Amino acid sequence: MKTMEVRLHVNGEPKQWTIAPGDLLLDVLRREGYFGVKRGCEAGECGACTVLLNGQPINSCLKFAAQAEGADVLTIEGLAHGDTLDPLQEAFLDHGAVQCGFCTPAMILNAKALLDRKPHPSEEEVREALAGTFCRCTGFRKPVEAVLAAARGSAR
Amino acid sequence: MFDTVEAFYRPGTVREALRLLQNGKNRARFVAGGTDLVVEADRSTRILIDITRAGLSYIRRKGQACVIGATTTMATIENSPAIRALAGGILARAAATCGSVQIRNMATLGGNLANGSPAADTATPLLALDAEVVLADARGRRRIPLTEFYSGPRKTKTLLVEVAIPVPPRGARWSFQKLGRTEDDISLVNAAAGLQLDSKGRAKWVRIALGAVAPTPIRAVNAEKLLLGRKVDRSTLAEVCDEVEREVRPITDVRASAEYRREMCRVLVGRALQECAAGTGCSL
(Lines give C-alpha, C1' and ligand atoms only; values in the text may rest on other atoms or scores of the structure.)
Protein backbone atom coordinates (compact mmCIF):
# COMPACT_ATOMS: atom_id res chain seq x y z
CA MET A 1 0.00 0.00 0.00
CA LYS A 2 1.23 3.46 -0.91
CA THR A 3 1.94 5.85 1.94
CA MET A 4 2.82 9.50 2.42
CA GLU A 5 3.99 11.76 5.24
CA VAL A 6 1.91 14.44 6.93
CA ARG A 7 3.37 17.07 9.26
CA LEU A 8 1.08 18.97 11.59
CA HIS A 9 0.70 20.21 15.16
CA VAL A 10 -1.73 18.40 17.44
CA ASN A 11 -2.52 20.11 20.74
CA GLY A 12 0.61 22.21 20.27
CA GLU A 13 2.96 19.28 19.68
CA PRO A 14 4.67 18.81 16.31
CA LYS A 15 3.84 15.46 14.69
CA GLN A 16 4.98 13.66 11.60
CA TRP A 17 2.88 10.66 10.67
CA THR A 18 2.93 8.13 7.87
CA ILE A 19 -0.55 7.89 6.39
CA ALA A 20 -2.32 6.33 3.42
CA PRO A 21 -3.32 8.94 0.79
CA GLY A 22 -7.00 8.19 1.36
CA ASP A 23 -6.91 8.24 5.17
CA LEU A 24 -9.44 10.48 6.87
CA LEU A 25 -8.30 12.77 9.68
CA LEU A 26 -10.71 11.05 12.10
CA ASP A 27 -9.10 7.65 11.50
CA VAL A 28 -5.54 8.94 11.81
CA LEU A 29 -6.23 10.86 15.03
CA ARG A 30 -7.84 7.81 16.66
CA ARG A 31 -5.05 5.53 15.40
CA GLU A 32 -2.60 7.91 17.11
CA GLY A 33 -4.49 7.66 20.39
CA TYR A 34 -6.71 10.75 20.39
CA PHE A 35 -9.82 8.85 21.46
CA GLY A 36 -11.64 12.05 22.46
CA VAL A 37 -12.28 12.38 18.73
CA LYS A 38 -15.40 10.21 18.47
CA ARG A 39 -16.46 8.05 15.54
CA GLY A 40 -20.17 8.66 15.08
CA CYS A 41 -22.08 8.81 11.81
CA GLU A 42 -19.03 9.27 9.54
CA ALA A 43 -21.16 11.40 7.22
CA GLY A 44 -20.88 14.89 8.68
CA GLU A 45 -24.26 14.74 10.39
CA CYS A 46 -23.65 14.09 14.08
CA GLY A 47 -20.58 16.24 14.79
CA ALA A 48 -19.05 13.83 17.34
CA CYS A 49 -15.73 13.82 15.44
CA THR A 50 -15.31 17.61 15.72
CA VAL A 51 -11.79 18.99 16.11
CA LEU A 52 -10.53 22.54 15.73
CA LEU A 53 -8.45 22.93 12.58
CA ASN A 54 -6.55 26.22 12.76
CA GLY A 55 -9.11 27.33 15.35
CA GLN A 56 -12.19 26.41 13.30
CA PRO A 57 -14.47 23.52 14.19
CA ILE A 58 -14.69 20.91 11.42
CA ASN A 59 -15.95 17.34 11.09
CA SER A 60 -12.78 15.24 11.00
CA CYS A 61 -14.75 12.40 9.33
CA LEU A 62 -15.02 14.52 6.16
CA LYS A 63 -11.42 15.75 6.09
CA PHE A 64 -8.61 13.86 4.46
CA ALA A 65 -5.63 13.62 6.78
CA ALA A 66 -3.40 14.85 3.95
CA GLN A 67 -5.37 18.10 3.99
CA ALA A 68 -4.16 18.79 7.54
CA GLU A 69 -0.58 19.23 6.32
CA GLY A 70 0.89 22.22 8.19
CA ALA A 71 -2.28 22.72 10.26
CA ASP A 72 -2.81 23.23 13.99
CA VAL A 73 -5.26 20.64 15.27
CA LEU A 74 -6.87 20.90 18.70
CA THR A 75 -8.64 17.89 20.20
CA ILE A 76 -10.35 17.70 23.59
CA GLU A 77 -7.16 16.14 25.00
CA GLY A 78 -5.35 19.44 24.43
CA LEU A 79 -7.80 21.69 26.25
CA ALA A 80 -6.83 21.26 29.91
CA HIS A 81 -3.54 22.63 31.22
CA GLY A 82 -2.15 19.73 33.26
CA ASP A 83 -4.67 19.10 36.03
CA THR A 84 -6.37 22.45 35.46
CA LEU A 85 -9.48 22.09 33.35
CA ASP A 86 -10.51 24.69 30.81
CA PRO A 87 -13.32 26.95 32.17
CA LEU A 88 -15.65 25.35 29.63
CA GLN A 89 -14.87 21.88 30.96
CA GLU A 90 -15.45 23.13 34.52
CA ALA A 91 -18.74 24.69 33.47
CA PHE A 92 -19.93 21.45 31.82
CA LEU A 93 -19.19 19.60 35.07
CA ASP A 94 -20.82 22.27 37.26
CA HIS A 95 -24.00 22.28 35.18
CA GLY A 96 -24.31 18.52 34.75
CA ALA A 97 -24.05 19.07 31.01
CA VAL A 98 -22.56 15.62 30.47
CA GLN A 99 -24.67 12.48 30.21
CA CYS A 100 -23.09 9.57 28.33
CA GLY A 101 -20.30 11.92 27.26
CA PHE A 102 -20.02 10.84 23.65
CA CYS A 103 -20.87 14.26 22.21
CA THR A 104 -19.20 16.26 24.98
CA PRO A 105 -15.78 16.77 23.33
CA ALA A 106 -17.50 18.12 20.22
CA MET A 107 -19.84 20.37 22.24
CA ILE A 108 -16.92 21.81 24.19
CA LEU A 109 -14.68 22.34 21.15
CA ASN A 110 -17.48 24.05 19.22
CA ALA A 111 -18.13 26.24 22.27
CA LYS A 112 -14.43 27.07 22.56
CA ALA A 113 -14.25 28.21 18.94
CA LEU A 114 -17.29 30.41 19.56
CA LEU A 115 -15.91 31.99 22.78
CA ASP A 116 -12.49 32.55 21.19
CA ARG A 117 -14.23 34.53 18.45
CA LYS A 118 -17.00 36.02 20.58
CA PRO A 119 -16.34 36.01 24.36
CA HIS A 120 -19.89 37.08 25.27
CA PRO A 121 -22.31 35.37 22.89
CA SER A 122 -26.10 35.49 23.08
CA GLU A 123 -28.02 32.31 23.87
CA GLU A 124 -29.03 32.09 20.22
CA GLU A 125 -25.39 32.25 19.15
CA VAL A 126 -24.53 29.45 21.57
CA ARG A 127 -27.38 27.32 20.21
CA GLU A 128 -26.20 27.96 16.67
CA ALA A 129 -22.62 26.97 17.58
CA LEU A 130 -23.82 23.70 19.15
CA ALA A 131 -26.39 22.92 16.44
CA GLY A 132 -23.99 20.69 14.50
CA THR A 133 -23.48 18.31 17.42
CA PHE A 134 -26.15 15.75 18.22
CA CYS A 135 -26.63 14.55 21.77
CA ARG A 136 -28.38 11.18 21.56
CA CYS A 137 -29.19 11.46 25.28
CA THR A 138 -31.11 14.57 24.11
CA GLY A 139 -29.39 16.77 26.70
CA PHE A 140 -29.33 20.07 24.82
CA ARG A 141 -30.44 22.52 27.50
CA LYS A 142 -27.61 22.11 30.01
CA PRO A 143 -24.73 22.43 27.53
CA VAL A 144 -26.17 25.80 26.46
CA GLU A 145 -26.38 26.89 30.11
CA ALA A 146 -22.82 25.70 30.71
CA VAL A 147 -21.41 27.67 27.78
CA LEU A 148 -23.26 30.82 28.83
CA ALA A 149 -21.96 30.37 32.38
CA ALA A 150 -18.40 29.88 31.14
CA ALA A 151 -18.75 33.06 29.08
CA ARG A 152 -20.02 35.00 32.13
CA GLY A 153 -17.44 33.65 34.51
CA SER A 154 -14.30 33.67 32.44
CA ALA A 155 -11.82 36.47 31.96
CA ARG A 156 -11.48 35.72 28.25
CA MET B 1 -13.23 3.81 3.22
CA PHE B 2 -10.81 5.40 0.74
CA ASP B 3 -8.30 2.55 0.61
CA THR B 4 -8.47 2.64 -3.20
CA VAL B 5 -6.80 6.06 -3.25
CA GLU B 6 -3.17 5.77 -4.37
CA ALA B 7 -2.06 9.40 -4.38
CA PHE B 8 -3.07 12.68 -2.81
CA TYR B 9 -1.80 15.92 -4.33
CA ARG B 10 -1.91 19.48 -2.98
CA PRO B 11 -1.12 21.69 -5.98
CA GLY B 12 -0.30 25.35 -5.36
CA THR B 13 -1.73 26.62 -8.65
CA VAL B 14 -4.72 25.98 -10.92
CA ARG B 15 -2.38 25.11 -13.80
CA GLU B 16 -0.74 22.38 -11.72
CA ALA B 17 -4.15 21.11 -10.55
CA LEU B 18 -5.36 20.80 -14.16
CA ARG B 19 -2.16 19.03 -15.20
CA LEU B 20 -2.62 16.50 -12.39
CA LEU B 21 -6.24 15.94 -13.44
CA GLN B 22 -5.14 15.38 -17.05
CA ASN B 23 -2.47 12.88 -15.97
CA GLY B 24 -4.91 11.07 -13.73
CA LYS B 25 -7.03 9.98 -16.70
CA ASN B 26 -10.54 9.30 -15.41
CA ARG B 27 -9.40 8.13 -12.00
CA ALA B 28 -8.54 11.54 -10.54
CA ARG B 29 -10.94 13.88 -8.78
CA PHE B 30 -10.69 17.34 -7.28
CA VAL B 31 -11.47 17.70 -3.60
CA ALA B 32 -11.93 20.88 -1.56
CA GLY B 33 -14.25 20.88 1.47
CA GLY B 34 -14.96 17.17 1.07
CA THR B 35 -18.46 17.47 2.50
CA ASP B 36 -20.06 15.91 -0.60
CA LEU B 37 -17.15 13.90 -2.01
CA VAL B 38 -16.37 11.98 1.17
CA VAL B 39 -20.01 11.09 1.76
CA GLU B 40 -20.38 9.98 -1.86
CA ALA B 41 -17.38 7.63 -1.37
CA ASP B 42 -16.77 6.83 -5.04
CA ARG B 43 -14.52 3.78 -4.97
CA SER B 44 -13.27 4.28 -8.53
CA THR B 45 -11.21 7.28 -7.38
CA ARG B 46 -7.47 6.56 -7.37
CA ILE B 47 -6.09 10.07 -7.21
CA LEU B 48 -7.29 13.01 -5.14
CA ILE B 49 -6.27 16.57 -5.98
CA ASP B 50 -6.83 19.02 -3.13
CA ILE B 51 -7.48 22.47 -4.63
CA THR B 52 -7.74 24.36 -1.33
CA ARG B 53 -4.13 25.55 -1.67
CA ALA B 54 -4.39 26.60 -5.32
CA GLY B 55 -5.05 30.28 -4.59
CA LEU B 56 -8.84 30.09 -5.02
CA SER B 57 -9.95 31.34 -1.60
CA TYR B 58 -10.82 35.04 -1.95
CA ILE B 59 -13.59 37.60 -2.21
CA ARG B 60 -12.67 40.74 -4.12
CA ARG B 61 -13.85 43.40 -6.53
CA LYS B 62 -12.91 43.00 -10.16
CA GLY B 63 -13.96 46.13 -12.03
CA GLN B 64 -17.63 46.56 -11.10
CA ALA B 65 -18.16 42.88 -10.34
CA CYS B 66 -17.71 41.00 -7.09
CA VAL B 67 -15.71 37.81 -7.61
CA ILE B 68 -15.49 34.86 -5.25
CA GLY B 69 -12.84 32.15 -5.54
CA ALA B 70 -14.17 28.60 -5.82
CA THR B 71 -12.65 27.32 -2.57
CA THR B 72 -14.03 30.17 -0.44
CA THR B 73 -15.93 28.53 2.41
CA MET B 74 -19.55 29.11 3.33
CA ALA B 75 -18.38 30.49 6.69
CA THR B 76 -16.18 33.07 4.95
CA ILE B 77 -19.04 34.08 2.66
CA GLU B 78 -21.64 34.42 5.41
CA ASN B 79 -19.25 36.60 7.48
CA SER B 80 -17.90 38.73 4.63
CA PRO B 81 -18.94 42.41 4.99
CA ALA B 82 -18.84 42.75 1.19
CA ILE B 83 -21.19 39.80 0.63
CA ARG B 84 -23.48 40.83 3.49
CA ALA B 85 -23.80 44.26 1.89
CA LEU B 86 -24.44 42.85 -1.60
CA ALA B 87 -28.08 42.55 -2.68
CA GLY B 88 -29.53 42.63 0.81
CA GLY B 89 -27.15 39.87 1.80
CA ILE B 90 -29.08 37.07 0.06
CA LEU B 91 -25.96 35.09 -0.76
CA ALA B 92 -24.61 35.45 2.79
CA ARG B 93 -28.01 34.40 4.11
CA ALA B 94 -28.05 31.30 1.88
CA ALA B 95 -24.47 30.36 2.80
CA ALA B 96 -25.43 30.58 6.49
CA THR B 97 -28.02 27.81 5.97
CA CYS B 98 -25.63 25.35 4.27
CA GLY B 99 -25.39 22.88 7.14
CA SER B 100 -23.86 23.09 10.60
CA VAL B 101 -21.04 25.37 11.74
CA GLN B 102 -18.55 22.56 11.07
CA ILE B 103 -19.88 21.91 7.58
CA ARG B 104 -19.84 25.64 6.75
CA ASN B 105 -16.19 25.84 7.80
CA MET B 106 -15.39 23.15 5.21
CA ALA B 107 -17.93 23.38 2.36
CA THR B 108 -16.95 25.67 -0.51
CA LEU B 109 -18.94 27.81 -2.93
CA GLY B 110 -17.41 26.07 -5.96
CA GLY B 111 -18.28 22.68 -4.53
CA ASN B 112 -21.86 23.69 -3.80
CA LEU B 113 -22.30 24.54 -7.51
CA ALA B 114 -20.06 21.92 -9.15
CA ASN B 115 -21.58 19.06 -7.18
CA GLY B 116 -24.69 19.77 -9.25
CA SER B 117 -27.27 19.24 -6.53
CA PRO B 118 -30.64 20.76 -7.44
CA ALA B 119 -30.96 21.78 -3.77
CA ALA B 120 -27.69 23.79 -3.62
CA ASP B 121 -28.57 26.70 -1.35
CA THR B 122 -26.17 29.21 -2.90
CA ALA B 123 -27.31 28.50 -6.48
CA THR B 124 -30.71 30.21 -6.18
CA PRO B 125 -29.40 33.60 -4.97
CA LEU B 126 -26.61 33.41 -7.55
CA LEU B 127 -29.19 32.77 -10.31
CA ALA B 128 -31.22 35.76 -9.09
CA LEU B 129 -28.00 37.83 -9.18
CA ASP B 130 -27.22 36.87 -12.83
CA ALA B 131 -23.94 35.32 -11.64
CA GLU B 132 -21.39 33.85 -14.01
CA VAL B 133 -18.88 31.08 -13.39
CA VAL B 134 -15.30 30.98 -14.64
CA LEU B 135 -14.21 27.56 -15.88
CA ALA B 136 -10.57 26.63 -16.42
CA ASP B 137 -9.19 23.79 -18.51
CA ALA B 138 -5.90 23.04 -20.25
CA ARG B 139 -6.73 25.52 -23.04
CA GLY B 140 -7.52 28.47 -20.79
CA ARG B 141 -10.40 30.13 -18.97
CA ARG B 142 -13.87 31.10 -20.05
CA ARG B 143 -16.79 32.70 -18.33
CA ILE B 144 -20.35 31.45 -18.79
CA PRO B 145 -23.66 32.34 -17.16
CA LEU B 146 -24.61 30.11 -14.24
CA THR B 147 -27.81 29.21 -16.13
CA GLU B 148 -25.67 27.75 -18.92
CA PHE B 149 -23.45 25.92 -16.43
CA TYR B 150 -26.55 24.12 -15.21
CA SER B 151 -28.30 23.62 -18.56
CA GLY B 152 -25.27 22.67 -20.67
CA PRO B 153 -23.54 19.28 -20.92
CA ARG B 154 -21.44 18.03 -18.02
CA LYS B 155 -17.88 19.39 -18.35
CA THR B 156 -15.03 17.04 -17.66
CA LYS B 157 -11.37 17.98 -17.35
CA THR B 158 -12.59 21.37 -16.18
CA LEU B 159 -12.26 23.24 -12.92
CA LEU B 160 -14.75 25.83 -11.69
CA VAL B 161 -12.35 28.52 -10.42
CA GLU B 162 -14.47 31.60 -9.74
CA VAL B 163 -17.97 32.97 -9.39
CA ALA B 164 -18.56 36.50 -10.68
CA ILE B 165 -21.50 38.62 -9.54
CA PRO B 166 -22.28 41.74 -11.61
CA VAL B 167 -23.50 44.94 -9.96
CA PRO B 168 -27.20 44.45 -9.21
CA PRO B 169 -29.77 46.95 -10.58
CA ARG B 170 -29.93 50.15 -8.53
CA GLY B 171 -32.50 50.08 -5.78
CA ALA B 172 -33.42 46.43 -6.30
CA ARG B 173 -34.91 44.58 -3.33
CA TRP B 174 -34.12 40.99 -2.49
CA SER B 175 -35.37 37.96 -0.63
CA PHE B 176 -34.10 34.45 0.08
CA GLN B 177 -36.52 31.81 1.37
CA LYS B 178 -35.65 28.31 2.45
CA LEU B 179 -37.89 25.53 3.61
CA GLY B 180 -36.10 22.67 5.36
CA ARG B 181 -36.83 20.42 8.29
CA THR B 182 -34.45 22.58 10.31
CA GLU B 183 -32.52 25.78 9.56
CA ASP B 184 -29.36 23.81 8.72
CA ASP B 185 -31.00 20.94 6.83
CA ILE B 186 -31.05 20.40 3.08
CA SER B 187 -33.72 22.46 1.31
CA LEU B 188 -37.08 20.88 0.52
CA VAL B 189 -37.58 24.01 -1.58
CA ASN B 190 -35.63 27.24 -1.68
CA ALA B 191 -36.31 30.44 -3.55
CA ALA B 192 -34.61 33.75 -4.23
CA ALA B 193 -36.13 36.86 -5.73
CA GLY B 194 -34.91 40.24 -6.90
CA LEU B 195 -37.26 43.09 -7.77
CA GLN B 196 -36.68 46.61 -9.08
CA LEU B 197 -39.69 48.92 -9.17
CA ASP B 198 -40.16 52.00 -11.34
CA SER B 199 -41.35 55.37 -9.95
CA LYS B 200 -44.98 54.21 -10.25
CA GLY B 201 -44.36 51.03 -8.28
CA ARG B 202 -44.41 48.71 -11.29
CA ALA B 203 -41.92 45.86 -11.72
CA LYS B 204 -39.08 47.05 -13.96
CA TRP B 205 -36.71 44.13 -13.41
CA VAL B 206 -37.55 40.74 -11.90
CA ARG B 207 -35.64 37.62 -10.98
CA ILE B 208 -37.25 34.49 -9.52
CA ALA B 209 -35.04 31.46 -8.86
CA LEU B 210 -35.93 28.14 -7.23
CA GLY B 211 -34.01 25.16 -5.88
CA ALA B 212 -34.87 21.49 -5.25
CA VAL B 213 -37.85 21.60 -7.59
CA ALA B 214 -36.29 20.54 -10.92
CA PRO B 215 -33.25 18.53 -12.06
CA THR B 216 -31.15 21.70 -11.53
CA PRO B 217 -31.70 25.02 -9.76
CA ILE B 218 -33.84 27.08 -12.15
CA ARG B 219 -35.11 30.53 -12.94
CA ALA B 220 -38.86 30.83 -13.41
CA VAL B 221 -38.51 32.97 -16.52
CA ASN B 222 -42.18 32.87 -17.56
CA ALA B 223 -43.24 34.03 -14.12
CA GLU B 224 -40.63 36.80 -14.26
CA LYS B 225 -42.03 38.01 -17.63
CA LEU B 226 -45.58 37.93 -16.31
CA LEU B 227 -44.70 40.31 -13.49
CA LEU B 228 -42.81 42.84 -15.62
CA GLY B 229 -44.56 46.21 -15.92
CA ARG B 230 -47.16 45.35 -13.30
CA LYS B 231 -47.72 46.29 -9.68
CA VAL B 232 -47.12 43.61 -7.10
CA ASP B 233 -50.67 43.33 -5.80
CA ARG B 234 -52.59 40.32 -4.58
CA SER B 235 -54.13 39.28 -7.90
CA THR B 236 -50.88 39.71 -9.85
CA LEU B 237 -49.00 37.68 -7.24
CA ALA B 238 -51.56 34.89 -7.58
CA GLU B 239 -51.05 34.85 -11.35
CA VAL B 240 -47.27 34.85 -10.99
CA CYS B 241 -47.41 31.99 -8.49
CA ASP B 242 -49.72 30.02 -10.83
CA GLU B 243 -47.06 30.41 -13.51
CA VAL B 244 -44.32 29.30 -11.09
CA GLU B 245 -46.31 26.15 -10.34
CA ARG B 246 -46.42 25.40 -14.07
CA GLU B 247 -42.68 26.00 -14.53
CA VAL B 248 -41.32 23.77 -11.77
CA ARG B 249 -40.75 20.02 -12.15
CA PRO B 250 -40.48 18.72 -8.60
CA ILE B 251 -40.07 15.08 -7.72
CA THR B 252 -41.21 12.98 -4.81
CA ASP B 253 -38.43 11.70 -2.56
CA VAL B 254 -37.89 10.69 1.05
CA ARG B 255 -38.12 14.32 2.20
CA ALA B 256 -41.26 15.58 0.47
CA SER B 257 -43.80 14.77 -2.22
CA ALA B 258 -43.85 16.51 -5.59
CA GLU B 259 -47.31 17.90 -4.79
CA TYR B 260 -46.10 19.42 -1.53
CA ARG B 261 -43.00 20.89 -3.17
CA ARG B 262 -45.14 22.45 -5.92
CA GLU B 263 -47.43 24.04 -3.36
CA MET B 264 -44.43 25.31 -1.37
CA CYS B 265 -42.96 26.92 -4.51
CA ARG B 266 -46.08 29.02 -4.60
CA VAL B 267 -45.80 29.90 -0.92
CA LEU B 268 -42.08 30.75 -0.97
CA VAL B 269 -42.18 32.79 -4.19
CA GLY B 270 -45.24 34.64 -2.88
CA ARG B 271 -43.44 35.46 0.36
CA ALA B 272 -40.25 36.43 -1.45
CA LEU B 273 -41.98 38.83 -3.83
CA GLN B 274 -44.08 40.34 -1.05
CA GLU B 275 -40.93 40.94 0.98
CA CYS B 276 -39.24 42.53 -2.02
CA ALA B 277 -42.26 44.74 -2.77
CA ALA B 278 -42.55 45.84 0.85
CA GLY B 279 -38.81 46.48 1.08
CA THR B 280 -38.66 44.25 4.13
CA GLY B 281 -36.63 41.62 2.32
CA CYS B 282 -33.41 39.97 3.14
CA SER B 283 -31.58 41.22 6.16
CA LEU B 284 -29.01 39.58 8.37
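## What you're looking at

This is a predicted model, where local features need pLDDT of at least 70, side-chain atom pairs count only at pLDDT 80 or more, and totals for chains, interfaces and linings use all residues. Residues are numbered from 1 along each chain as its sequence is written, while chains are lettered from A and ligands numbered from 1 in the order in which they are written.

The predictor's confidence in each residue is called pLDDT and runs from 0 to 100. Chain B has a mean pLDDT of 94, with 98% of its residues at 70 or more. For the complex, the predictor gives an ipTM of 0.96 and a pTM of 0.95.

## Strands side by side

Helices (H or I, at least four residues) and strands (E, at least two) are DSSP runs, numbered from the N terminus. Two strands pair if DSSP finds at least two bridges between them. In chain B, strand S6 (residues 132–137) and strand S7 (residues 140–145) pair in the antiparallel sense over six bridges. A hairpin joins S6(B) to S7(B) through two residues, and B:Val134 stands opposite B:Arg143 in S7(B).

S6(B) also runs antiparallel to strand S8 (residues 159–165) of chain B, joined by five bridges.

## Where the chains touch

Residues are in contact if their C-beta atoms, placed from the backbone, lie within 7 Å. Chain A puts 24 residues into the contact and chain B puts in 23. On the side of chain A that touches chain B, S4 and helix H4 (123–130) of chain A each give two or more residues. S4(A) gives the most, with four residues.

Most residues other than glycine have a negative phi. A:Asn54, though not a glycine, has a positive phi of about 50°. You'll find A:Asn54 in the loop between strand S3 (50–53) and strand S4 (56–59) of chain A.

B:Ala41 isn't a glycine either, and has a positive phi of about 50°. B:Ala41 sits in the loop between helix H2 (37–40) and strand S3 (47–50) of chain B.

Are these residues buried or exposed? Count C-beta atoms, placed from the backbone, within 10 Å of a residue's own: 20 or more others make it buried, 12 or fewer exposed, and anything in between partly exposed. A:Asn54 is partly exposed because it has 13 C-beta neighbours inside 10 Å, while B:Ala41 is exposed because it has 12.

Terms used. Two residues are in contact if their C-beta atoms, placed from the backbone, lie within 7 Å.
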